[in-house]
Amino acid sequence: MSQDASLYSTRRLKEAGEARGHDMRVINYLRCYMNITSHKPKVVYQGKVLEELDAIIPRIGASKTFYGTAVVRQFEVMGVFVANESQAISRSRDKLRCLQILSREGVGLPVTGFAHSTQDIDGLIDIVGGAPLVIKLLEGTQGIGVVLAETHQAAKSVIEAFRGLDANILVQEFIKEAGGMDIRCFVIDNKVVASMKRQGAPGEFRSNLHRGGNAEQIKLTPEERSTAVRAAKAMGLRVAGVDLLRSNHGPVVMEVNSSPGLEGIENATGVDVAGKIIEFLQKNAASGKTRDRIQY
């Protein structure tokens with residue numbers, strides 16, 4: 001399920017499936033419409049009912065989460081195996097909900113604050129240890145809407161500006177010792193299959209490859225590997241990209257991504273990640289395990 005068949009990740013998944021003898025179709029989920037009924041629920045695409053599907057791989061864009069997860073949920077109702085289920089995708093897309101769940105599971109996190117009123121800004125800044133600190137838009141992706149505030153006054157001004165626009169934000173401690181480097185762990189079926197470190201461009205504290213960072217393979221510590229697996233499991237994601245920082249108090253999770261890109265990690269590590277996703281489906285799709293049993 002992808003909006004664009006020409007995207008690297010979509011092409012690689014299609015190629016990997018076909019190389020293993022499977023009939024692969026790329027379906028634009030935004031062009032799907034649904035018949036929601038108790039007796040024979042359907043998903044219709046380009047005028048034809050989608051039938052006899054063994055499994056689907058959701059590649060839902062962040063801005064299309066609501067409709068995309070609705071289509072995934074409809075396939076779940078129909079009994080089709082999905083690589084990542086709708087509830088798990090929704091959990092990971094809500095940054096605040098994601099962090100609260102990880103906190104409940106005891107997964108390492110940066111100290112994080114969240115507030116509604118601009119009257120509480122000083123307390124919010126203090127709760128994460130003061131400046132420098134990082135301010136993040138809840139709806140931001142690929143490093144957009146992430147600001148490093150180096151002083152208390154700068155932090156206060158940015159928070160007031162975001163809240164003045166009625167934007168929901170998180171405030172987090174700045175992990176200075178990470179040095180603009182983070183680690184992307186690719187987790188499939190509770191196992192880290194590939195990992196890379198991403199280094200931000202000079203003078204840039206964000207390490208996103210979309211923002212000029214570079215990537216190379218990295219060897220994880222046992223604690224980092226365990227943290228990545230626990231984070232994906234807490235979200236209920238069978239396929240996930242877990243982003244970690246190396247802090248003075250151990251690995252901390254920055255984000256859990258339900259539609260992680262394949263290009264950066266395959267190029268950096270040489271691992272056939274797309275093939276491993278297809279092999280996961282081969283082992284599990286026949287079982288028809290479509291019910292998400294995590295209740296929060």
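Which helix lies across β6, β7 and β9, and at about what angle to β9 does it run? The structure is a predicted model, in which local features need pLDDT of at least 70 and side-chain atom pairs count only at pLDDT 80 or more, while totals for chains, interfaces and linings use all residues. Residues are numbered from 1 along each chain as its sequence is written, and side-chain values use heavy atoms, with hydrogens and water left out.

**View 1. Helix α4 and helix α6 lie across strands of the sheet.** Helix α4 (residues 95–104) lies across β6, β7 and β9 and runs at about 45 degrees to β9. Helix α6 (residues 152–164) lies across β7, β8 and β9, at about 10 degrees to β7. Helices (H or I, at least four residues) and strands (E, at least two) are DSSP runs, numbered from the N terminus. Axes are lines fitted to C-alpha atoms, for helices over the stretch in contact (heavy atoms within 4.5 Å); angles run from 0 to 180 degrees between N-to-C directions.

**View 2. An open sheet is formed by 4 strands.** The order is β6-β9-β7-β8, with antiparallel pairing. Because β6 and β8 (146–149) stand at the edges with a single partner strand each, one side of each has no neighbour in the sheet. Two strands pair if DSSP finds at least two bridges between them. Strand β6 (residues 112–113) is joined to β9 by 2 bridges, and Gly-113 stands opposite Val-171. Strand β7 (residues 133–137) pairs with β9 over 5 bridges; Val-134 has Gln-172 as its bridge partner, and Leu-133 has Glu-173.

**View 3. Strand β9 (residues 169–173) is largely enclosed by the rest of the structure, because 5 of its 5 residues are buried.** Buried means under 20% relative accessible area, exposed over 50%, and partly exposed in between (1.4 Å probe, protein chains only). Ile-169, Val-171 and Glu-173 point one way from β9, whereas Leu-170 and Gln-172 point the other way.

**View 4. Asp-243 and Glu-255 are listed by UniProt under "binding site" in an unreviewed entry.** UniProt positions are given in the numbering used here, feature names are shortened, and annotations may be inferred rather than shown by experiment. Asp-243, in strand β13 (residues 239–247), is buried at 6% relative accessibility. Glu-255, in strand β14 (residues 250–257), is partly exposed, with a relative accessible area of 30%. Leaving aside neighbours within four places in sequence, the contacts of Asp-243 include Arg-184, Arg-198 and Glu-255.
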